[in-house]
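Hi everyone, thanks for coming. I'd like to walk you through one structure today, so let's get it up on the screen.

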Amino acid sequence: MFSGKRDDTLKVTYMYALDAKGKRYTIPYNYWARGGFNQGRSQLRKAVRQGKKATIKKCEFVAERLAKKKSGWRSRVEKVRVAKGRFDVEQFFVEGNREPLRELIKAECPVVRDTSEKEGAK
Amino acid sequence: MSWIRRKLDGYWFSDFPPARLAWLRILTGGFQMFFLLQGQRAFRHVARSSHEHWQPVGLATMLNGPIAPGLYDVLFWLTIGVGVFFVAGGWYRFVGPLFAVLVIFVVSYRLSWGMVYRNHHLLGLHVLILGFVPAAKALSIDSWLARSRPEDCWLRRGIWPGAPDSASWRYCWPVQLMCLVSTLAYSLAGLAKVLGPAGWGWATGNNLRNHVAHDALAKELMTRGGGAEWVDLAFMNEHILWAMAVVTLIVELFAPLFLLHRRLGQLWVVLVMGLHFGIMVMMDLTFAYQCYGFAFASFFAIEVWASWVGKKAQRVVGIK
């Protein structure tokens, strides 16, 4: 455990959602993986390593799940992104700067909701 | 040379009472059951993962691919059912090996979906050892059957054959093997650190700090609750991390040497449990089997403790 080398800049692969105003929401790992946190982390990293097709598939899977939600932030989001960010640990934890040094968007997909239900209600 | 031989002989083949192995069976088997039951949703949930994540490990490598989730559920609950008899020590000759194999399969299968959780290993190895030794000679259904049923009774067929009633070397080596396996597991972890890309530089604490940071960062980006609250401590007090890294390397690399004396072994247990508590506080990562001490019960004369607790309890409830 903890045997791998870790530098002062760390790369993390993650997903987040955006609403119409561009506000960012963290998507928890259990949206794309069954099992624990490390399982989710590893599966997302693997999908990105496998290439565009696998990454988009993961992105769409999460977008579909979010599209079914009817309350809270999940019902407001319009886009899902898979990103790989590079962070400076000192900046992140000591200075409190939560922004990545660099962020690569690996996939982006829209959250398509079924509007027929809303129209039906009207 | 004869000193080494005497030492080895004393380590592996002293006379241990059957109750020590029996308590280890109850504690380890009991913890394995708790571990499976507490995580039963996760175990069964993971078995329903998409087949693209299938990366078999352990006994699961014998399969051609994932099995039907329903079949896994059956095997999971069968393991729980057999586990009850394992803990109770009933028909142990059959139940012991069966439970050990089922546990290794069920856990291997759960770890075959792209992420190997290392906290399952030591518990699995301990169950594997206990499953193939006469650990049900005391405090068990089998010992009750041996006392109360005639020799030709069919119910006695499941009793482990040839195990003596009194203290014997047969109850010593399995306990010592559990201790050795525990120390070797940590020793391998230590070797992986210094032979890995970080090398001996791991002892500076910088790599450990970045591991803690990486975990906290990932949790912040992938969970709603965020990372461990104490991670800032790692950045404010780098000398704490340096000390932790040095102690970790000593405790891990030289782990088997702590077995040279019983007291040294017990000191090692205290140090290792301290490390696990440190990990729990800083990373919000609990290795329950280790943190709660079950993993290290083999280092202590637990049957003496149990009898002391039993006598105290009797006094409290007023039984003479």
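**A walk through chains A and B**

Let me start with chain A: among its contacts with a separation of 6 or more, 62% join residues 24 or more positions apart. Two residues are in contact here if their C-beta atoms, placed from the backbone, lie within 7 Å. Before I go on, please keep in mind that this is a predicted model, where local features need pLDDT of at least 70 and side-chain atom pairs count only at pLDDT 80 or more, while totals for chains, interfaces and linings use all residues. Residues are numbered from 1 along each chain as its sequence is written, and chains are lettered from A and ligands numbered from 1 in the order in which they are written.

Chain A has five helices and four strands; helices (H or I, at least four residues) and strands (E, at least two) are DSSP runs, numbered from the N terminus. Along the sequence their order is β-β-α-α-α-β-α-β-α. The C-alpha atoms fill a box of roughly 55 × 30 × 25 Å along the principal axes. Of the 122 residues in chain A, 31% are buried. Buried means 20 or more other C-beta atoms within 10 Å of a residue's own, exposed means 12 or fewer, and partly exposed is in between, with C-beta atoms placed from the backbone.

Let's pick out one residue, A:Leu18, in strand β1 (residues 9-18) of chain A. A:Leu18 counts as partly exposed because 17 other C-beta atoms lie within 10 Å. Leaving aside neighbours within four places in sequence, A:Leu18 touches A:Lys23, A:Arg24, A:Val77, A:Glu78, A:Lys79 and A:Arg81. A:Val111 is 93 residues away from A:Leu18 in sequence, yet their C-alpha atoms are 9.7 Å apart.

Now, where the chains meet. The contact takes 30 residues from chain A and 33 residues from chain B. On the chain B side, α3 (40-46), α8 (173-195), α9 (206-222) and α10 (231-236) each supply at least two residues. Which helix gives the largest share of that side? That's α9(B), with eleven residues. By type, the chain B side divides into 17 nonpolar, ten polar and six charged. Here Ala, Val, Leu, Ile, Met, Phe, Trp, Tyr, Cys and Pro count as nonpolar, Asp, Glu, Lys and Arg as charged, and the others, Gly among them, as polar.

Let's stay with α8(B) for a moment. At 1.5 Å a residue, its 23 residues should span 33 Å, and the end C-alpha atoms are 31 Å apart, which agrees; the expected span is 1.5 Å times one less than the number of residues. Buried residues in α8(B) include B:Met178, B:Cys179 and B:Tyr186. The buried residues of α8(B) pack against α2 (18-38), α6 (121-131), α11 (238-253) and α12 (262-283) of chain B.

Two of those partners also meet each other: the axes of α2(B) and α6(B) come within 10 Å and cross at roughly 135°. Axes are lines fitted to C-alpha atoms, for helices over the stretch in contact, and angles run from 0 to 180 degrees between N-to-C directions. The residues of this contact divide into six nonpolar, four polar and one charged.

Last stop: B:Ser148, in helix α7 (residues 141-148) of chain B. Is B:Ser148 buried or exposed? B:Ser148 counts as exposed, because it has 10 C-beta neighbours inside 10 Å. Thanks, everyone!
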